[in-house]
Structure formats: C-alpha cells, structure tokens
Amino acid sequence: MADGTARTPIITEDAADRLYIIDARNGVERQLLLDWVHATAGDKDPQWASLAIEDDDHALPLETLRARLDGQPSRQVVPLRVAWRIPGFERDRALKFRHILFGDPRHPGSLRARLILLRDRRRAQILVGEAATLDALRDRFAAQTGGGDAAGPDGAEFAGFVARQAGLALDVAERGIRGTRYKVPRFVADGLRTSPKFRAALAELSEATGRPVAELFREARPLMKEVIARPSALFLDLRARLDRMMFGGYAPEMEVDAAELARLRAILREHPTAILFTHKTYIDGATPSRLTYENDMPMLHSFGGANLDFAVMGEFFRRSGMIFIRRSFQDQPVYKLVLRHYIAWLLAKRFPLSWAFEGTRSRLGKLMPPKYGLMKYVLDAAHATGTRGVHFVPFVTSFDLIRDVEEYAAEQTGRSKKPESLSWFIGYMKSLKEPSGRIRLDIGNPVVIDTAPGADDKRALEKIAFAVAVEANRVTPLTVTSVMCLILLGMAPRGATSAELLGAIGAVTDWARARGIRISSDLESGDDAALSATVDTLVTSGLLTRYEAGSENIYSIDPAKHPMASYYRNIIAHHFLDRAMIELALFELRDADSGDATAAFWAKIDRLRDLFKFEFFYPPRDEHRIAIEAELARIDLVWDRRLASGDRGIAQLLRRCQPVVGHAILLPFAEAYSVVADLLARAKPGDAVDEKALLDAALTEGKQAYLLRRISSEAAIGKLLFANGLSLMRHMGLTDEATPVNLAARRALLIELRGLANVMETMRLSTVALADRLPSPGEQA
C-alpha cells in the first residue's frame, strides 16, 4: 500500500473481498467517494470505513475499521480520497495570503465543496491509493513495530497502523498530480511511539535513570509536539511566495548547473541528506528551499532556536518545515532522546535537512569556522539508530550584491548595529526590492558518511566538518563583483580605466579557468552586455565609483567603501591563497641575502601558513606543499631550478607572476594583526591582557593608524580581524602576563608584520607600474 511495491489492481469479481478505507474530511467528500465505490465496485453492499486520515492532529475513530479487519488474509484494503484541483495553480502556483484566513482551497469545507461541485465537478478527482492485502499489512506491521499490541486481529495499534498506511498510500497518489514538493512527513509521533528502536531507547533510559518507562513516555509525548514540525502544502506554498518576495530585487531566475541539479535530485531521492549552506546574508537560507520547491523536489526541514517559536511567526515556520530546538538540553535526557530519534526518522524516510553549517552569517565574506552543534545532533542520531550513508551536501549561494554587507562593515568598524525590530524588518524587506543583480547556486559533491562516528569522537566530527568546508570553498565561484573588488582594492588608491579593468578581469578569468576554478556565467561567456549590466548595478549601489567626465571611464572604490568591497574580495580569497603566499615569499626573498633560496622559500611559506592559520582552511602540510608546487609549475615549469639559482631566478619567477595579487589577499590581515601586536608590545612588565578592553582599544588605534597611513585601508579595521589576530598571539604564547621575554617576542612579531605590509606595498606598486605601462587608447591609435 505504501511501501513502494507495484500497485495491486482492483479486480471486479473480487469485490466481495475488498475493504475500502475512505479518507473524507466531511460528508460531501464521503458521498463522492461512496458514489464512486458503488459505481465501480460491482458489489451492492461494499465494505468500507470512513476516516479523516488527513487531519492527523487528533485520535482517529477506529472502531469501524477494527471491526472490518477480521476478513480473509487475501482481502484487499483499498484507500480512497478526493483531490480538489485549483484551476491554473500548477502553472504559476499563485496561492494567496488570504488562504490563511479562508483555508486551503485544496481542502474545502462542506459548503465550499458543494459550491465547487456546482461550478465544475471536474475539480474533484478521485484518488485510489496502492492496495494491499490484510496478510501483507500484518507482515509489514510486525516488521515496523515489532507487533505492538496486535496479538489478535482486532488490535487497536494494528487498526491505527492500517489507517496510517492508507493515508501514506494516498499521499503518494496525490503527489502524482500535485508534485514531489508536497512530500511532507505524516504520523511522525505515531511512528516514533511504535518504533522498536524508540521503545528500546526508552527502556535503556529507564534502566539508567531508575524511572519507569511509562513515566518517561508521558514526558516524551509533549516533547514530540514541541519538536516535530508539521509542514503542509498550504504553508509550503505561502513560504515559497515569501521567498520570492525576498528576492524581488534580483533577477527572476537563479543560475544553477543542470547536471548539479539532477545529481541533487537523485541524492535527495536515494539517501539520507543534509544540505549545508554557506551563510552570507539573512536570505541565503531561503535559496535551497526555493530551489527544491521550484524544481519539484522534497521540502527541506530547517532548524531554528526555540526562542523564535512564538505567536504567529513560530506557527508559520513550524508549518513550513522548521524544527525549533532548545538552546541547551544537556541535562534533559528525554528531550535529547526524542530529538535524536526524530532526526533519525526524517533521515530514514528521506526527508532532507538544511542548515547554515557556519552557524552565523559571515561578517568578513570568507568562510567562517563551522559550528558543530547541528552536525553532531545528526551524526549522533544516525549513530544511535544505525542510519548509514548520510550525505552532507555543501551549498553555496553567490549574490552580485548583498544588502547585509553595509551592516557588517559598520558592525566590524565599531559603529553601533541597528537592533532587529519590526521597523528594521520592514526596512530590510524594502531594501531587497532595490536592483541587486543575479543569484548563482553551486552544489558541491556530497561528503558521504557510511557509518556515523560515536558521540564522543570529536576528531571524526571535525574532519567531516572540515571536508564540508573545503568542498564549499571549492565550488565557490568567481563573480564579477568579487573579481572587480579584488582588482580595484589591489590597485587602490589608484583607479583603473575600462581597458585596464577588462584586461585584468580577463587575466584573472584565464588564470582561474586554467585551474578549474568556477566562474560565473557573465565572466565565463565574456558577454559585454551582461558584464556591463552587472557593473551598472554595482555603480548604482555605490559600491563602485565611475568617473565619466574625462577621456576615459575610470573605476575605483571610495576609501569609505573599502570594508564593504573587502567582503566581496574575501569571498574568493581562498582561491588565490597559494598564489598569494608564493608571491609574498618570492618578494621577501628578492632583496634578502638568503643563502639557500629554496630552503628559505619553503621556510617563508610555512611561516605565512602559521601566521594566517586563524583565517583560512589549510590541507595537511604535505598536501599543501604539493598544491604550492603545482601552482609554481603553472607559473614556470622549471621553477625549482630558477629558485635554486638565487636572485636572478627569483626575479624571473616574479616577472612571470605579474600581475601579482598577494597584497590584495593578505595585506588587510597583516595590517589588522599589526594593530593588535602594537598594543601588546606597548604593555609594561606585569600587565595582564584584558581581551575585551584590548579589542575595543584596537578599533580606536586602528582608526588612528589609518589616519596616519600606518595601515593602508579601513578594510584592516574589524572586530573579527582583531580577534583572530589575538587568537594567533594567544596561540604563540604572547598573551600571558607581560614579561621582558614575551614583550620582546611581541615587538619582534610587530616588526615582522609591518615588514610583511611593507613588502606587500612594494607588490602593489609593481601592479600599478604594470598598469601605467599599458598604452592609452590615444597611444594605441
């Protein structure tokens, strides 16, 4: 009936040995279905039982059904339902918010149903679910529940099981006409309650705590109601409409690769799956759900804090698939057990999950360190219930413009953040209507967990999260916005002519293409019209400045916008990290008396890796060296001989590196760290480090350093940058109580960081000099 086996045909001569389960919400539906039964069954007195199975928030009246389940083992049980069609709905899915008040037109009440039938009886479609024999149902019941209370054929649990199976069979039939997007979990609490694994877990908890199983079960029932989401077609449609409203300022169609979409569809269908999206803005959590809805894939269950489960919004999101979780439940074993088995139930039934694996929005643009909480819940659930083959799918959303970035920049430079309120929400939604370019979706290869690690295996959890982060970084594409910010920040304060900018974009795009780095469609195609449209959007937004009064159009980024532009640059910084480290190491070696240049080069690479370890995800050291060597080989096939030859070979390598990008990638981090190191170096012996006071002081000192041009840009002023710098210095043992020894080490680090910044200024000047040597349009003529 609902286990995926071939549908049993209804044979007229077997009518006397058939039981119809009529899923009817009201008398109108019941009469429609009975009329159909009498017209098609070939029996004057067919056996039937009527239940409102769809409305599963209440106990089902099972007396009639129980009485009629005592037939022959070969008796067929045939489920029936009326599906009400909405004219034109399948074309544009234009469900209205008024349906919240008047009800889902797919589930009309008696009066509304009569009016529909008077206008057009064809809107009432009879659904026949997959039939099953009583014998098959009893076998299925024993396999799924361990037998429950069904010692005899009239067991109450068996009758409830048959009703649920009929409902599930009808859901499958209804999805055939409405779509897979409406596949929602049904009878979850009943499924948990009758699960042998859940019962066994309660028994184990009873033994561990000394509390009776019945008491634990009574505690579990309201917790199930609290935890379990109750999505419905109406709220999925309304959520989809809200999602479309949020993306009103973006191009109507999201850009996604057809092959990746097909692969995701297969994964969702065949495996327990969690989609882990990178988190840049309030709205990127809606892109996976929008994608699955618009492409008729199963709905995603998302997660939210229990503090958000209030009044109307809490009910709206619960009914559209959100699971609300308490922030802390370490000492609540029954809650933990219910949550674990609920998650495992969703995975086993192929209901995909979705959350931001960074845990919070990235305030710097680059990928944040992952939060392990939700991933641990899922893996613990899979381990406890033996669920195998969990697929974690990295999901990256790229926006031409992100409306949150201005807020991030203000927050990072110490300006007060606007409190989130109703007026703030209205203003934010209004800002989303402003033209913002396009949206691109990139879906990574799944990280497959054949057997989930144990609850105490922290190392395995970290490795899985790291693998997801690496894959998310791999599929993050270069976009026009990110590349232009990279180029213009690298040339600042000088601007760039249109020709210079196009040349640099072409060089970066070719470089990325040769390395298999993803590129947005407008960069890949070289379509001047598409590129110009994106640039116009960036200029209109104020992110870029275009000077058009002279003989050439000049593009630049206003210094006040550098923190915003650096956000977009940081999104793709990891793609250029190996190149940046190579360039910086070579520039350091150029004027140094290094002796063994090869050994000095690798020592500098290792040092740069250590200095920026709190900013980027690195592969293991041996793998990283192989990657560095591969990049060197792309620069020059005989790089090793040139490097070994000393100054002349290094100069040749540097010429082949032009235009360099290392300063555009690493300078803000070095300058931010130097601000923190300077504050630590000023301490007196015996002074302790007050981390909060130091970070507050760094914001003030950073502004002063910028005004004195000890740092080159406000992009180096940021709470998180300073915090990461302090983490590095704590890791180096420099944040203990000040002593003459560690004060000397602090000063040495400050000198090293300022030296790196000076080298990167030399790199910037070499890039500007290269641009200055390009002929102007007049000279070319």
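Tutor: Helices (H or I, at least four residues) and strands (E, at least two) are DSSP runs, numbered from the N terminus. This is a predicted model, where local features need pLDDT of at least 70, side-chain atom pairs count only at pLDDT 80 or more, and totals for chains, interfaces and linings use all residues. Residues are numbered from 1 along each chain as its sequence is written, and side-chain values use heavy atoms, with hydrogens and water left out.

Student: What comes after helix H16?

Tutor: Gly-386, and its phi is positive, near 75°.

Student: Why is Cys-485 called buried?

Tutor: Buried means under 20% relative accessible area (exposed is over 50%, partly exposed in between; 1.4 Å probe, protein chains only). Cys-485 sits at 0%, so it counts as buried. Cys-657 is at 0% too, so that one also counts as buried.

Student: How many disulfides are there?

Tutor: Zero, in a search of the whole structure. You'd need a pair of cysteine sulfur atoms within 2.5 Å.

Student: What makes E7 and E10 a pair?

Tutor: Pairing takes at least two DSSP bridges between two strands. E7 (residues 273-277) and E10 run parallel and have four, with Phe-277 opposite Ala-356. E8 (residues 301-305) also pairs with E10 in the parallel sense, over two bridges; there, Ser-302 partners Ser-354.

Student: Which residues are buried on each face of E10?

Tutor: Leu-353 and Trp-355 on one side, Ser-354 and Ala-356 on the other.
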